[in-house]
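Reader: I'd like a close look at one part of this model, the aromatic side chains. Could you walk me through them and say how they sit in the whole?

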Amino acid sequence: MDVEVLGRVLSTLPTDDDHPYRTGPWRPQTTEWKADDLEVEGEIPADLDGVYLRNTENPVHPALDGRYHPFDGDGMIHIVGFRDGKAFYRNRFVQTDGLLAEREAGHALWAGIAERPAKSIRQDGWGARGRMKDASSTDVVVHAGVALTSFYQCGDLYRLDPLTLETLGKTTWNGDFPAWGVSAHTKVDENNGELLFFDYGTDAPFMHYGRVDADNRLVDYVEVPLPGPRLPHDMAFTENYAILNDCPLFWEPELMKKGLYASRFHPELPTRLGVLPRRGGGKIQWFEADPTYVLHWVNAYEDGDEIVLDGFFQGDPEPKDTGDGSFYQRMFRFLALDRMQTRLHRWRLNLVTGQCKEERLSESITEFGVMNNRYGGRPYRYAYAATGLDGWFLFNGLVRHDVVTGAEERCALPEGVYGSEPAMAPRVGATSEDDGYVVTLTMDMNQDRSECLIFEASRLADGPIARVRLPERISSGTHATWAPGSAIPGWSDADSAASAVGL
Ligand SMILES: [Fe+2]
């Protein structure tokens, strides 16, 4: 392994930190690495060609009021690139305006999500709530050859070189970037290069939907009127429709008037699913479904008069404090999959009758489901999801759901080893949906290291076919993606993965 340190940040976190989302598998990194020709156990397939990108929450300073929430951490992107049976790695902070301002100050300037906005030192800020730091640490996609990082409370889309991870600036869309910012979970349709997105806020109309074409021009930006401020986290799309949601879990209106942002589940209200034409906007058709909160959808597609929408139904969107577990487990019970009872679920929306039919696709508790992105918005069969460690926001295994037969194939990680959101990497020249690999990164607390695991997508239960060693144990985080080499400028011209990144 050929390793070089590209940079270090000065962390002001306490050396005796006991916050479980800043220690152990969530211990943030302060070093930015560049490593080539990584050590491999097993064999990297020669037809695995492209880059796995992983966003992580990587805080540098203590929270202003001492109530750090993992979603507040600064965005750090990791890539593991594969070409010609070899692998390289880089990790870099997203150079957000907030990170740079706090680096200058030497401490936090904005209150986190578990703190009152009034505690922020700075009057300005980002986020649907306002006076937050846009950490750009939630999600990452690759669109028009550039990696875009995003923040779940809405903010800028930071543009990163998908190979060097250099921050190239913020997306402007030629001056059309929305003043509300853009939410995490932008959707890239690999079939036509479009990017779809939504944003939300505390002022009417409370949500918008937008579409960007393959040439990176904003071509649609339409209002999605809601009854009040909502907390949508994800969207879905089909070939002809965009699907947005109004789940009955939102900030308490009375508390908001006092500057407090506390979300509450309203089981007396339905979940509302909004379908609108993907291109050009137009009338939104709303469907009512059983009350729940959906953090993540997997996919959607059209089936005759119906739209089929798959995602994770939460059996208990507002888990009660039972007094069990540590202070932090109780505080962060909303992050534990077992507490939220997240199960793969299907909603069928009939565009003619206006009816919604629902069915549970699995009894297993899983979330963070991904699929082969070439099947985004189209009929598909396989979802690759994570299982959670009871009581914690940590992934301890992978499950492949067959949404046609209901079959499940599992790979549990050893105790003390945690995974990242997986990504499905189609094999070069793939001939079927599951012809490819599943990639994830681990936080291995037993060996104090991180590895990139590669599985055959069709044989997850066989375990990894290759394990690639990273230079340092990384932090856990939320989302990841796969970018085929063909989607990365300069990739095909380079002689090797190393030269593609200028090593
Ligand atoms: Fe998410």
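Author: Let's begin with the whole. Of the protein's 503 residues, 61% count as buried (under 20% relative accessible area with a 1.4 Å probe, protein chains only; over 50% is exposed, in between partly exposed). Keep in mind that this is a predicted model, where local features need pLDDT of at least 70 and side-chain atom pairs pLDDT 80 or more, while totals for chains, interfaces and linings use all residues. Residue numbers start from 1 along each chain as its sequence is written, and side-chain values use heavy atoms, without hydrogens or water.

The chain has 5 helices and 34 strands (DSSP runs numbered from the N terminus: H or I of at least four residues, E of at least two). Its radius of gyration is 21 Å, close to the 23 Å of the globule rule for 503 residues, so the protein is as compact as a globular protein of that length (C-alpha atoms; 2.2 Å times the number of residues to the power 0.38). Among contacts with a separation of 6 or more, 60% join residues 24 or more positions apart (heavy atoms within 4.5 Å).

Now your aromatics. The structure holds 23 aromatic pairs (Phe, Tyr or Trp six-membered ring centres within 6.5 Å; planes under 30 degrees apart are stacked, over 60 edge-to-face, the rest tilted). One of them is Trp 26 with Phe 393, a tilted pair with 5.5 Å between the centres and 40 degrees between the planes. Trp 26 sits in the loop between strand S1 (2-8) and strand S2 (31-36), and Phe 393 in the loop between strand S26 (382-388) and strand S27 (395-402), so the pair ties together parts 367 residues apart in sequence. Trp 26 and Phe 393 are both buried.

Another pair to click on is Trp 297 with Trp 347: edge-to-face, 5.2 Å centre to centre, with the planes at 75 degrees. This pair also links distant parts of the chain, with Trp 297 in strand S21 (residues 297-303) and Trp 347 in strand S23 (residues 342-350), 50 residues apart. Trp 297 and Trp 347 are buried too.

Back to Trp 26 and Phe 393 for a moment: they belong to one aromatic cluster, together with Tyr 21, Phe 71, Phe 151, Tyr 152, Phe 327, Tyr 328, Phe 332, Phe 368, Trp 392 and Phe 395.

A tryptophan turns up around a glycine as well. Gly 50 lies in strand S4 (residues 50-57) and, at 0% relative accessibility, counts as buried. Beyond neighbours within four places in sequence, Gly 50 is in contact with residues including Phe 82, Trp 482 and Trp 491.

While you have the backbone on screen, here are a few spots to check. Most residues other than glycine have a negative phi, and most peptide bonds are trans. Cys 154 has a positive phi near 80 degrees; it lies in the loop between strand S8 (146-150) and strand S9 (158-160) and is buried at 1% relative accessible area. Asp 84 has a positive phi near 55 degrees, in the loop between strand S5 (75-83) and strand S6 (86-93). The peptide bond from Ala 204 to Pro 205 is cis, with omega near 5 degrees, and Pro 205 is in the loop between strand S12 (194-200) and strand S13 (207-212).
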